[in-house]
Amino acid sequence: MILIEKTLDKIDPKLVKKRILATPPPPTSMLHRAILLNVAVQPIYNHVFMSMPVHKDRVQHIFDEIFSLLWTRRKDGITIFKRKVVAKNRIFAGYEAGGLNIRSPTTTIKGFQQNLIQKILKNPDREMSQVLAAILVKIRRPTLQQHIDLLGPQQWVKSSEKIKSYSLILSQAFSSVAEHLQMFECDTALWGHAPIYGHSEAAGMCEFSIEDFRKLLEKGITVISQLFQRDQLTGAIAKPARLSDEIIRKLGLYPQICFKLKILVKKFSDLIKYDTRVGLPSALQQMMSRNRNMSQQYTKACKKMAANNIGTAPAYNTRIRDRIDVPSRDEFKSAFFMVKHKYLPLKTKDNSLQTLNRTIWTNNKAFKSGLRENDQCRFCGETENMEHMYYLCQNYSNLQWELFASAVTVVVKKANPGASNIYITFRNIIFNTPIKNLFHYVKDKEVNI
Ligand SMILES: [Zn+2]
């Protein structure tokens with residue numbers, strides 16, 4: 001622990017921030033800084049996280065310091081704090097969920113820790129593999145292979161606790177695997193392959209003892225998908241969910257275990273619609289044996305979970321609340337694809353991102369924050385909100401778009417005399433939807449998003 005503290009001390013977050021701000025050209029937009037955080041800052045720390053145990057609070061502190069870079073500006077050698085336009089817990093979410101797609105340092109660390117377990121499993125002759133095997137014997141816990149094939153997160157946590165006094169890095173690795181396992185348990189594709197013993201749902205009335213586990217193992221009952229009664233013709237899980245007759249027969253002498261299993265199967269009534277193959281191998285066994293690192297699979301699983309939890313970016317619902325016209329949810333999500341467009345300048349992308357998220361600064365916002373005496377548009381005197389500024393102002397933006405559309409029409413008609421007039425709507429302006437007819441006439445790939 002002392003070693004990691006010293007190593008981390010040598011990487012001064014303030015210095016890292018300075019280095020980022022000095023990159024030519026200096027990152028002025030939020031999006032540019034978010035991208036630099038992923039590609040330039042995180043790799044500085046990765047080598048530390050890969051090989052040493054990590055203290056959660058310490059990491060949090062370092063990254064809070066570095067991520068504050070998103071909301072500051074340097075002017076004449078002085079740091080100026082700007083508005084935070086993305087909530088702290090959202091910066092790790094994808095753009096389409098209103099986030100900044102920044103790689104979460106804790107996800108990265110936990111991924112590395114799982115890679116260690118994967119490496120140990122694949123190379124039993126490594127020194128670390130032998131160290132772990134010896135620790136597991138000493139603390140009287142199952143072998144690593146048995147953990148992977150047969151044990152759920154609660155049991156991995158139990159091992160993690162016991163390993164702690166022998167090796168902090170291995171203890172943290174076990175705890176990270178436990179977290180990933182917990183995600184499998186409610187994953188629509190993998191839930192049926194989650195082990196029964198140590199399952200997060202196998203608690204309270206249906207907590208299994210080590211003796212129960214031994215009996216189940218003896219009968220070859222190890223993962224959740226084996227428990228359900230299935231339709232004899234289709235093989236699908238019968239509804240409502242109930243314990244299979246075969247298991248009841250197999251465990252005839254152990255009514256207590258049957259009782260616990262009956263309670264357990266009821267807890268999956270929501271998941272049974274995602275049917276799953278019966279039996280082995282366990283979800284973790286499948287993941288560990290793939291050619292992809294556990295860290296990649298973990299990052300993907302975390303993103304999927306975050307997307308499910310957040311859904312659409314909050315600016316979609318606040319528009320509905322404020323009675324502002326919106327496209328369909330899918331169209332709204334597609335609007336964020338512009339971030340991946342290779343011909344658009346970063347500043348334009350940043351602007352569009354802030355537009356979609358409704359974080360553009362307006363006179364209305366300035367007035368509400370007490371920074372302006374009124375909320376009026378300087379061209380017409382109406383309230384200047386984002387919609388007004390972008391396309392509703394009859395004295396300014398609306399005229400500009402009309403002028404632009406007629407200029408584009410002239411250009412298009414030059415090459416295609418039969419072409420119809422080009423109109424630009426608020427959906428084109430705000431939500432990046434394609435301008436009707438334009439792509440029919442203009443084929444340059446630079447304009448096609
Ligand atoms: Zn106006």
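## Model and confidence

The model is predicted, so local features are given where pLDDT is at least 70 and side-chain atom pairs count only at pLDDT 80 or more, while totals for chains, interfaces and linings use all residues. Residues are numbered from 1 along each chain as its sequence is written.

The average pLDDT (the predictor's confidence in each residue, from 0 to 100) is 87 for the protein, and 94% of the residues score at least 70. Confidence is lowest in helix 1 (residues 2–10), with a mean of 64, and highest in helix 8, at 97. Helices (H or I, at least four residues) and strands (E, at least two) are DSSP runs, numbered from the N terminus.

## Domains

Three domains are assigned: domain 1 (2–103), domain 2 (104–195 + 282–311) and domain 3 (200–276). Their bounds come from an automatic or database domain assignment. The centres of domain 1 and domain 2, taken over C-alpha atoms, are separated by 27 Å.

Domain 1 gives 14 residues to the contact and domain 2 gives 14 residues; two residues are in contact if their C-beta atoms, placed from the backbone, lie within 7 Å. On the side of domain 1 that touches domain 2, helix 3 (30–51) and helix 4 (56–67) each supply at least two residues. Helix 3 has the largest share of that side, 4 residues. By class, the side of domain 1 that touches domain 2 holds 10 nonpolar, 3 polar and 1 charged residues. Here Ala, Val, Leu, Ile, Met, Phe, Trp, Tyr, Cys and Pro count as nonpolar, Asp, Glu, Lys and Arg as charged, and the others, Gly among them, as polar.

## Packing against helix 9

Helix 8 (residues 153–163) and helix 9 (residues 168–184) pack at an angle of about 170°, and their axes are 8 Å apart. Axes are lines fitted to C-alpha atoms, for helices over the stretch in contact, and angles run from 0 to 180 degrees between N-to-C directions. Helix 8 is therefore roughly antiparallel to helix 9. Angles under 35 degrees count as roughly parallel, over 145 as roughly antiparallel, 65 to 115 as roughly perpendicular and the rest as oblique. From helix 8 the contact takes Pro-153, Trp-156, Val-157, Ser-159, Ser-160 and Ile-163, and from helix 9 Leu-170, Ser-171, Phe-174, Ser-175, Val-177, Ala-178, Leu-181 and Gln-182. The contact of helix 8 with helix 9 has 9 nonpolar and 5 polar residues, and no charged residues.

Helix 5 also packs with helix 9, at an angle of about 105° and with axes 8 Å apart. That makes helix 5 roughly perpendicular to helix 9. Lys-110, Gln-113, Gln-114, Leu-116 and Ile-117 of helix 5 meet Gln-172, Ala-173, Ser-176, Val-177, Glu-179 and His-180 of helix 9. By class, the contact of helix 5 with helix 9 has 4 nonpolar, 5 polar and 2 charged residues.

## Backbone exceptions

Most residues other than glycine have a negative phi, and most peptide bonds are trans. Lys-239 and Pro-240 are joined by a cis peptide bond, with omega about -5°. Pro-240 sits in the loop between helix 10 (210–218) and helix 11 (245–250).

Asn-101 is not a glycine but has a positive phi of about 60°. Its place is the loop between strand 2 (78–81) and helix 5 (105–122). Asn-101 is partly exposed, with 19 other C-beta atoms within 10 Å. By the same definition, a residue is buried if 20 or more other C-beta atoms lie within 10 Å of its own, exposed if 12 or fewer, and partly exposed in between, with C-beta atoms placed from the backbone. Asn-437, also not a glycine, has a positive phi of about 75°. Asn-437 is in the loop between helix 21 (426–431) and helix 22 (438–441), and counts as partly exposed because it has 16 C-beta neighbours inside 10 Å.

## Two selected residues

Leu-151 lies in the loop between helix 7 (144–150) and helix 8. Leu-151 is buried, with 26 other C-beta atoms within 10 Å. Leaving aside neighbours within four places in sequence, Leu-151 is in contact with Pro-142, Gln-146, Trp-156, Pro-195, Tyr-197 and Gly-198. Leu-151 and Leu-284 are 133 residues apart in sequence and 9.5 Å apart in space, C-alpha to C-alpha.

Asn-398 lies in helix 20 (residues 397–415) and is partly exposed because it has 15 C-beta neighbours inside 10 Å. Beyond neighbours within four places in sequence, Asn-398 is in contact with Tyr-391, Leu-392 and Cys-393.
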